[in-house]
Amino acid sequence: MAAATAPGSTVEVDALINAYFTAWQGTDEDRIMSYYADDVRLQIPGTLMEGKEAVLEQFVRPFITGFPGNRHLVKKMIYGPGVVAVEWTFDAEHKGPFAGHAATDARISVPGCGVYEYDLARQQISAGRIYLDMGTLLKQIITDLLVDDHNWTEDAYRIFEFDPASRVTMQMVRERVHPEDLQSFNAVIARGMAGMDLDFGFRIVTGQGAVKHVRAVARIVEEFAGRRVFSGDLQDVTESKAAEETLNRTRSELARMARVTTLSALTASIAHEINQPLTGIITNANACLRMLDVDPPNVDGARETVRRALRDGNRASDVIARLRALYSKREFTLEPVDLNEATREVIALSLSDLQRSRVIVRSELADDLPPVAGDRVQLQQVILNLVRNASEAMSTVDDRPRELLIRTELDTNNQVCLTVKDVGVGIAPEAAAKLFQAFFTTKSDGMGIGLSVSHSIIDAHHGHLRATANDGPGATFSFALPCGSGASQTA
Ligand SMILES: Nc1ncnc2c1ncn2[C@@H]1O[C@H](COP(=O)(O)OP(=O)(O)OP(=O)(O)O)[C@@H](O)[C@H]1O
Ligand SMILES: [Mg+2]
């Protein structure tokens, strides 16, 4: 150790050591570092640091990140010439990463002592040896929190894929948490430690590398010897998460298709936009004729009206061009489609609408239905159109339950068949021939597009879409598709 300067009174030494320890209660590196001489030599368990830079990097910074606001409770000081031995307890909360452990909020209390050489004139420590049981410190970090009283259920062990014989530690749990979710996981746990009920989801990565979605609920049920005891439940929600994602994807795809195919609002405004220039063209052409008919003909006026007619003509043709771009067909993707699966998704998507319309949906989906080759989104659009029509056909039905049956089956021709049956108003004989024509509608707010689009989609899949009147009330729409391959590449 460096030669000590002249010893001061014990009061002065006390004051310096206390000021130095007080600085540790903050997170101001510079302030703490100001208590070290430039050539300070400091030894902590396992590390000898020479010079301020080393002390900052290897000692001060890791400690105030890990334990900001830490406290040294001085128990005893023993004074020697230019040197003082201090016995203390290091009290802190583990609030930041330390020695490879992410913050646990564990409360630490570790006894230790230090022998410090000092320079009273500079108010600095010139050398120090610190004795602190690092093992005890680390043990407190990783065994605090939930761990001591951890009664994990078999389910929880299974979800995390922990060895049932092992004792779960918070560190083990954290090691499983998906790296992207670790920060929010820690934040939620910290909130729980502060007394809030927890209900949160996060991902874990098992030892085999599989990603699972876990939902956790927990609340503090008691405080025991200063430690909080949580009670809660863990659930593996991976499957429902996947279903939710599929549903969201389908929903957005269908929403896009719906925009392109039903277009009711847009089509009305397009009709309006085309109608206006057409009216303009006719008006201007009539005016032009009148101007040419007078004697002498009003050539200038006629030229002007023709110009206006041209302008309107161009506008109408722009609208058509835009319309064509809008309808331009999205690429047709041919893939094996499980019609049952596709139907389930459509039902899930429409369920809230159907419930609002008081429609009772029953599905009879055949087991072992072979896949059809087709464009899943387009086929789902057809199913959606049929379901909507069925629901709309029952909107005035009040004397019987509004039952809608969706059935899939493999028919006698080895075709995959889907049927939508309702108990609605049924099909009037004069309407039967026109159902599939574009713009045929009997609804005040209908466009008459749904069935014609559906028909062309099923055609492109080499299938047949047909409508039949029921024996009882209502109508049945169905389509049959060849299973396996056989669909065309264009929609
Ligand atoms: N399940 C059904 N029961 C009775 N009539 C139906 C049924 N489905 C369709 N129709 C008749 O066929 C017509 C055309 O249906 P389509 O789906 O093509 O157009 P829409 O439903 O009127 O309007 P949208 O373009 O919004 O679908 C309907 O207006 C209706 O008269
Ligand atoms: Mg319709």
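A residue is near a molecule or strand if its C-beta atom, placed from the backbone, lies within 6 Å of that molecule or strand. The model is predicted, and local features need pLDDT of at least 70, side-chain atom pairs count only at pLDDT 80 or more, and totals for chains, interfaces and linings use all residues. Residues are numbered from 1 along each chain as its sequence is written, while chains are lettered from A and ligands numbered from 1 in the order in which they are written.

We start with the ligand. Around ligand 1 there are 25 residues, of which Asn 389, Thr 441, Gly 446, Gly 450 and Leu 451 come nearest. By class, this shell holds 11 nonpolar, 12 polar and 2 charged residues. Here Ala, Val, Leu, Ile, Met, Phe, Trp, Tyr, Cys and Pro count as nonpolar, Asp, Glu, Lys and Arg as charged, and the others, Gly among them, as polar. Two helices, α12 (376-393) and α14 (450-460), each supply at least two residues of the shell. Helices (H or I, at least four residues) and strands (E, at least two) are DSSP runs, numbered from the N terminus. Which helix gives the most to the shell around ligand 1? It is α12, with 4 residues.

A residue is buried if 20 or more other C-beta atoms lie within 10 Å of its own, exposed if 12 or fewer, and partly exposed in between, with C-beta atoms placed from the backbone. In soluble globular proteins, nonpolar side chains tend to be buried together. The largest nonpolar core has 32 residues, and Val 382, Ile 383, Leu 386, Val 387, Ala 390 and Phe 479 touch the most other members. At least two residues of this core come from each of α11, α12, β13, β14, α14 and β16 (475-482). The largest share, 8 residues, is from α12. Apart from this core lies another, of 28 residues, including Val 13, Tyr 35, Tyr 36 and Ala 127. Leu 386 touches Val 420, Ser 454 and Phe 477, not counting residues up to four places away in sequence; two residues are in contact if their C-beta atoms, placed from the backbone, lie within 7 Å.

Helix α3 (residues 52-66) has 15 residues and spans 20 Å from its first C-alpha to its last, close to the expected 21 Å. That expected span is 1.5 Å times one less than the number of residues. At Val 60, α3 bends by about 35°, and Pro 62 follows within four residues. The bend at a residue is the angle between axes fitted to the seven residues ending there and the seven starting there. Val 55, Val 60, Ile 64 and Gly 66 are the buried residues of α3, and their cover includes α2 (29-33), β1 (36-44) and β2 (47-50). Helix α7 (residues 179-193) has 15 residues and reaches 21 Å, close to the 21 Å expected. Its buried residues include Phe 185 and Met 193. Just after α7, Gly 195 takes a positive phi of about 110°.

Is Arg 358 exposed, partly exposed or buried? Arg 358 lies in the loop between α11 (339-356) and β11 (359-365), and because 13 C-beta neighbours lie inside 10 Å, this residue counts as partly exposed. Arg 358 has a positive phi of about 60° although it is not a glycine. Asn 414, in the loop between β13 (402-410) and β14 (415-421), has a positive phi of about 65° and is not a glycine either.

Note on methods
Core = buried A, V, L, I, M, F, W, Y, C linked by C-beta atoms within 7 Å.
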